[in-house]
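Please keep the sequence and the model in view while reading.

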Amino acid sequence: MEILFLKMLLLLAGCLGGLFYHLSDLCVGEKRTVQNKPNFIVILADDVGWGDLGANWAETKDTPNLDQMAAEGMSSHGRDCYTKVALPLFENITIVQQPVNLTGLAAEYAEKATQFIQRASESGRPFFLYLALAHMHVPLVLAQPPSSSSFPGPYRASLREMDALVGRIKDKVDGCGKENTFLWFTGDNGPWAQKCELAGNMGPFSGAWQRQRGGSAAKQTTWEGGHRVPALAYWPGRIPANVSSVALLSTTDIFPTLVSLAKASLPPNRRFDGSDVSEILFGQSHQGHKTLFHPNSGAAGKDGEIKALRLAQYKAFYTTGLTQAKTPFEVSESEVARRSKRLAILPQKLRTKKERY
Ligand SMILES: [Ca+2]
């Protein structure tokens, strides 16, 4: 199998990488045919909150493109600003910028990604594009002049910028092979709550129980706000539109799933935590993981130690944040789905009473 790395853009922990894996036709100019193997685009956002997407949380109004992607695919139930950072920006193995100009980074992501999709499509070979964004984290640069009358604040401006960026990539896919391209958007973990208004929205997973004991329920903890991330899967004709799945999935499933869809095999000499979840994405199954183990990030104990266990609708915590917990909590997906739609219209008094996560 011929494999060519074409582009790589690296910033902080994120990279935009692309490779072709060999096969036949795709779209060349106006002529478009369906190849035997699909294309894959994975967009990974940093510290994006489950409630940052309007598709999940009705109070959020800043993500029309991601919401549209959710409507056309499947969703699954995750002050200090600078203009430059000292880290380098890579294209393949070449540093193309250092320090990175953060002001133009979103535009550069979009330009490189869309150019890559275009060139890959014209090549007639299937491709894989991985786009690991510097967004959301905390805003590293103001995405909009604060003097603007429509400036919504640093975080929301950055959220809108990311939404527009994903929208540009989706538009490119739509114009150049959407019938054979699988687009997967998700996040790595929940918001960095200690950054207050510069952090994302956890939606209903605000961790009332944990916060009462002085801890956080977001990033670096094993609570839902720290582990549950938005996930959108888009592939018209293969993935059913406007479906919200309650199956328990993990970002560790991405690799086995893409390997399977590429008709390749996982290396046999190691174990993988994730599974091929393509049947769930294609609407043929609702059985995700029955059990997930949540290791500690190191912020609240020894890095890698199992601190919480998810079993079906139950989640047991042993140590999380600064607080020890021995209480199993029930995580009702149907309740979450119902509340995510209803909470936006509930009075604050009722909302607080209902928050258990
Ligand atoms: Ca992160």
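**Burial and backbone geometry**

H137 counts as buried because 24 C-beta neighbours lie inside 10 Å, and 20 or more are required for that class. This residue belongs to a predicted model.

**Around H137**

- H137 is located in the loop between β11 and α3.
- The phi of H137 is near 50 degrees, which is a positive value in a residue other than glycine.
- Most residues other than glycine have a negative phi, and most peptide bonds are trans.
- H135 and M136 are joined by a cis peptide bond, with omega about 0 degrees.
- M136 lies in strand β11, which comprises residues 127-136.

**Another cis peptide bond**

- The peptide bond that leads from Q98 to P99 is cis, and its omega is near 0 degrees.
- P99 is found in the loop between β9 (94-97) and β10 (100-101).

- N242 has a phi near 55 degrees, a positive value in a residue other than glycine.
- The loop between β13 (231-234) and β14 (243-245) holds N242.
- N242 counts as exposed because 11 C-beta neighbours lie inside 10 Å, and the exposed class takes 12 or fewer.

**The packing of α1 and α3**

- Helix α1 (residues 64-72) packs with helix α3 (residues 154-175) at an angle of about 45 degrees, and their axes are 7 Å apart.
- This angle makes α1 oblique to α3, because it falls in neither the roughly parallel class, under 35 degrees, nor the roughly perpendicular class, 65 to 115 degrees.
- On the α1 side, the contact is made by P64, N65, L66 and M69; on the α3 side, by D163, A164, V166, G167 and K170.
- The residues of this contact comprise five nonpolar, two polar and two charged.

**The length and end of α3**

- Just after α3, G177 takes a positive phi of about 110 degrees.

**A buried glycine**

- G203 is found in the loop between β12 (181-187) and α4 (208-211).
- G203 counts as buried because it has 27 C-beta neighbours inside 10 Å.
- G203 and G225 are separated by 22 residues in sequence, while their C-alpha atoms are 8.1 Å apart in space.

Methods. Residues numbered from 1 in each chain as written. Predicted model: local features only at pLDDT ≥ 70, side-chain atom pairs only at ≥ 80, totals over all residues. Axes fitted to C-alpha atoms, helices over the stretch in contact; angles between N-to-C directions. Helix = DSSP H or I, 4+ residues; strand = E, 2+ residues; numbered from the N terminus. Parallel < 35°, antiparallel > 145°, perpendicular 65-115°, else oblique. Contact = placed C-beta atoms within 7 Å. Nonpolar A, V, L, I, M, F, W, Y, C, P; charged D, E, K, R; others polar.
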